[in-house]
Amino acid sequence: MQAVLAIPDGENILTREVAGVPLLIRVIATAMRAGVDKLLIVWPQDDLRSVLAPCLMSPLLRGLEINHVVRQFDPRQPASWAGIRETLQDQFYWVPWNWVTHKRALAGLTALSSPPESWDAPALLEKQAILGGATNPSSPGLAEGVLITSASRIREAERFLVAHSGKPTDGIYSRFNRLLCRPAVQLLSHTPVTPNWITLGGLVVGILAAFMYAQGFYASYVAGALLFFLSGLFDEADGMLARIKFRESVFGTWFEGFVDETTYLLLFGGITAGLYRERGSRELTYGYLLIIGCVLSIAVTRLQRKLATAPGRPHEYAGRLNRLMEEDASNLVSRVVRQIHIFIKKGVAIHYLLIFTVIGGLPVLLRLAALGANLTWTVALYFGWRFFRQGKPGAVVREARVA
């Protein structure tokens, strides 16, 4: 897919950072994430090259095919489009140089059969519609975003980006967690802090939470629950920062998963130790069952993730499994698991851990968690057999390697 981007004369905020990324790079990188792989950029004067060249060499734009035309350009004038007729694809995105948005807003646009009423917002256009001289402008569904007309609007754009840095599959718990994280993420976007540093911080806080639980009295339990809640917020914030700064990576996905697994194991070990101190050896049986179930769940889920996703795309595992369960709704197991599986997500679990801890229900939680952990790996094995075994339609087909 092609995008067309025209830069007017005299703009001086092209390289101003928006949430830690220069404006022009952000606009183009967002289009790439919406499926653009070719960019036609039009600028009015060749002396702009010294300003644009460093931006266009950014690693965030790696893999993008960039062509440029040096000419005056006004999208409202048919003659401007006629002048670049030969470089246009049959369908392309019009991307204003100063429109800050997210990839879902661009990817959700529908093609227009005539020029848009306003050229200040993105649009998906047909070449024939632009060059055919249509006189009735279209009114497209406006893509969410913020138009940067001055440096003062950058802060508004940053708030917009942070507010839309979640995932389409976020439930009420994750949306609440991300709301709490917004101020910190916006602040961190202007620092050298990376998403992986935040993930590591969540691990440190999770270790402290386990230590507090292991002390074995009510006040330490509550302190542990609050610390683990904070660890869960770190878990939300790292992904938010990665998305708004275009720092997503395969390593980050696996590292985040490793930290989640480690903090769960430490937490359960701390809870078991604390309840053993408080209530005696009868709690050890449930604690051992919980830890064994957790280890098996981690092992089975890791294997299933490899089977369910293509190399380099492990982050697609949860969404793919959800879709498969939804398509398999006639199956009782798929239907039930789809309704209750959210409780194993860290962003959800931190809420219930805090509630059970505060009301003094930690022994009950230990027993429920032991049951849930062992059901998790059992059900994961079942879904691995049902969805991802070789030859099934849901299995990922990988290219054979030729020796």
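Which residues lie nearest the centre of the second largest pocket? They are Pro8, Pro75, Trp94, Trp97 and Asp120, which belong to a lining of 20 residues. Before we go further, note that this is a predicted model, in which local features need pLDDT of at least 70, side-chain atom pairs count only at pLDDT 80 or more, and totals for chains, interfaces and linings use all residues. Residues are numbered from 1 along each chain as its sequence is written, and side-chain values use heavy atoms, with hydrogens and water left out.

Let us stay with the empty spaces for a moment. Rolling a probe the size of a water molecule over the atoms shows where empty space is left. On a 1 Å grid over the protein atoms alone, a cavity is a set of points where a 1.4 Å probe fits but cannot get out, while a pocket is an open set with protein on both sides within 12 Å along at least five of seven lines; lining residues have an atom within 4 Å of a point. Points are joined across faces, edges and corners, and a volume is the space filled by probe spheres set on them. The second largest pocket has a volume of about 410 Å³. Its lining divides into twelve nonpolar, three polar and five charged residues. Here Ala, Val, Leu, Ile, Met, Phe, Trp, Tyr, Cys and Pro count as nonpolar, Asp, Glu, Lys and Arg as charged, and the others, Gly among them, as polar.

Now for the cavities. The whole structure holds two cavities of 30 Å³ or more. The largest cavity has about 50 Å³ of space, and its lining includes Arg26, Val27, Trp99 and Val100. Helix 1 (23–33) and strand 7 (99–100) each supply at least two residues of this lining, and the largest share, three residues, comes from helix 1. Helices (H or I, at least four residues) and strands (E, at least two) are DSSP runs, numbered from the N terminus. By class, the lining of the largest cavity has six nonpolar, two polar and one charged residues.

The second largest cavity has a volume of about 30 Å³. Among the residues that line it are Thr199, Ser231, Asp235, Asp238, Asp260 and Lys346. Helix 8, helix 9 and helix 10 (250–279) each give at least two residues to this lining, and helix 9 gives the largest share, four residues. Two nonpolar, three polar and four charged residues make up the lining of the second largest cavity.

How do these helices pack? Two packed helices are described by the angle between their axes and the distance between the axes. Axes are lines fitted to C-alpha atoms, for helices over the stretch in contact, and angles run from 0 to 180 degrees between N-to-C directions. The axes of helix 8 (residues 195–213) and helix 9 (residues 218–244) come within 8 Å and cross at roughly 170 degrees, so helix 8 is roughly antiparallel to helix 9. Angles under 35 degrees count as roughly parallel, over 145 as roughly antiparallel, 65 to 115 as roughly perpendicular and the rest as oblique. The contact of helix 8 with helix 9 has 17 nonpolar, seven polar and one charged residues.

The axes of helix 9 and helix 10 come within 12 Å and cross at roughly 175 degrees, which means that helix 9 is roughly antiparallel to helix 10. Contact means heavy atoms within 4.5 Å, and the residues of helix 9 that meet helix 10 include Ser231, Asp235 and Asp238.

We finish with a salt bridge. Side chains of opposite charge can pair when their charged atoms come close. A salt bridge is a side-chain nitrogen of Lys or Arg within 4 Å of a carboxyl oxygen of Asp or Glu. The whole structure has nine salt bridges, and one of them joins the side chains of Glu158 and Arg155 (3.7 Å, N to O). Because Glu158 and Arg155 are three residues apart in helix 6 (residues 154–163), they are separated by about one helical turn.
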